[in-house]
Amino acid sequence: GFLFLADAIDAACSPHGPVADTVAHLDRFATIIERSGRESVTMIAPDKSTVHPDLLPDGLATFDCFEKYTEDLWTSLSAADIPGYHDLRELLQSEANATREPLYLRKDSHWDSRGSLTMVRVLVDALAPGSWDADEVNYRGLGDYTGDLTGMQGKPEVDQAPQYEVARPDVVAGETEVLDDIEGGFNRRFTNSAPDGQLIRGRTVLFLDSFGLVALPQIVPYFE
């Protein structure tokens, strides 16, 4: 019952550029941030097909080129010594094996709220070691969502997925400031207050794609 984004397979078989260039660009970006005196954490959200190639359709004609490119990309990323880099593919695969949960939505291209927590835990531990508390994660049962992949098929379908949320009672959220009104944009400033030791202090800038936006409600409560 799992749907996959065909573009993720096609892009691996007809990439926009060599793996070496992709890795070098990310390395350069993270290095510029680090050399400016700022601490950086660098992560890439893997596609569902990257974490769960075993769930792809049998007899997929492009599987071999997809598998080769994927392995080349992630091996090269891990070997590049990119500042603040953490390998989410390996972590998500380990978590999926341990929990026997897929960590991705069946009818959507993104991870579910359990999968995103894997990234959030890495982020928090990287910037504030020892501050992650699993007791602050609550399971809220199954919730409805409409998968983006069913919309791409032209027949939106409601499915259910487990819902996990971060609850930090000592953290008080301030008013969210909207910094732009660009359609589809998400330029926002969030502020929090809490007793000493509860928040990662100072100003944090997040560069996110749609995977990061899914995880944003889980990320924000950890930062001042």
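Helix α2 passes helix α4 in a right-handed crossing, where right-handed means that the near helix is turned clockwise from the far one by less than a right angle, and left-handed means anticlockwise. The model is a predicted one, so local features need pLDDT of at least 70 and side-chain atom pairs count only at pLDDT 80 or more, while totals for chains, interfaces and linings use all residues. Residues are numbered from 1 along each chain as its sequence is written, and side-chain values use heavy atoms, with hydrogens and water left out.

Back to the two helices. The pair is made of α2 (residues 19-35) and α4 (residues 63-79), packed at an angle of about 35 degrees with axes 10 Å apart. Helices here are DSSP runs of H or I with at least four residues, strands are runs of E with at least two, and both are numbered from the N terminus. The axes are lines fitted to C-alpha atoms, for helices over the stretch in contact, and angles run from 0 to 180 degrees between N-to-C directions. On the α2 side, Val 19, Thr 22, Val 23 and Leu 26 do the touching, and they meet Tyr 69, Asp 72, Leu 73, Ser 76 and Leu 77 of α4; contact means heavy atoms within 4.5 Å. Sorted by class, the residues of this contact come out as 6 nonpolar, 2 polar and 1 charged. For that sorting, Ala, Val, Leu, Ile, Met, Phe, Trp, Tyr, Cys and Pro count as nonpolar, Asp, Glu, Lys and Arg as charged, and the others, Gly among them, as polar.

Next come the empty spaces. Rolling a probe the size of a water molecule over the atoms shows where empty space is left. On a 1 Å grid over the protein atoms alone, a cavity is a set of points where a 1.4 Å probe fits but cannot get out, a pocket is an open set with protein on both sides within 12 Å along at least five of seven lines, and lining residues have an atom within 4 Å of a point. Grid points are joined across faces, edges and corners, and a volume is the space filled by probe spheres set on the points.

The largest pocket holds about 1500 Å³ of space. Its lining takes in 47 residues, with Leu 26, Thr 42, Met 43, Ile 44 and Phe 207 nearest the centre. Two or more lining residues come from each of α1 (6-13), α2, β1 (42-43), α3, α4, α6 (113-127) and α8 (210-219). By class, the lining of the largest pocket splits into 31 nonpolar, 10 polar and 6 charged residues. The second largest pocket has about 640 Å³, and of its 20 lining residues, Arg 188, Arg 189, Thr 204, Val 205 and Leu 206 sit closest to the centre. Here β7 (188-189) and α8 each give at least two lining residues, and the lining of the second largest pocket has 11 nonpolar, 5 polar and 4 charged residues. Thr 204 itself belongs to the loop between β8 (192-193) and α8.

There is also 1 cavity of 30 Å³ or more, with about 50 Å³ of space in the largest cavity. Phe 4, Leu 5, Ala 8, Asp 47, Lys 48, Ser 49 and Ser 109 form its lining, which makes 3 nonpolar, 2 polar and 2 charged residues.

The loop between α5 (88-99) and α6 holds Arg 100, and Leu 103 lies in the loop between α5 and α6 too. Arg 100 has a positive phi, near 60 degrees, despite being a residue other than glycine. Leu 103 is not a glycine either, and has a positive phi of about 70 degrees. Arg 100 counts as exposed because its relative accessibility is 78%, whereas Leu 103 is buried at 0%; buried means under 20% relative accessible area, exposed over 50%, and partly exposed in between, with a 1.4 Å probe and protein chains only.

Lys 107 is found in the loop between α5 and α6 as well, and is buried, with a relative accessible area of 14%. Leaving out residues up to four places away in sequence, Lys 107 touches a list of residues including Gly 1, Lys 48, Tyr 145 and Asp 159. Lys 107 and Leu 5 are 102 residues apart along the chain, yet their C-alpha atoms are separated by 9.8 Å.
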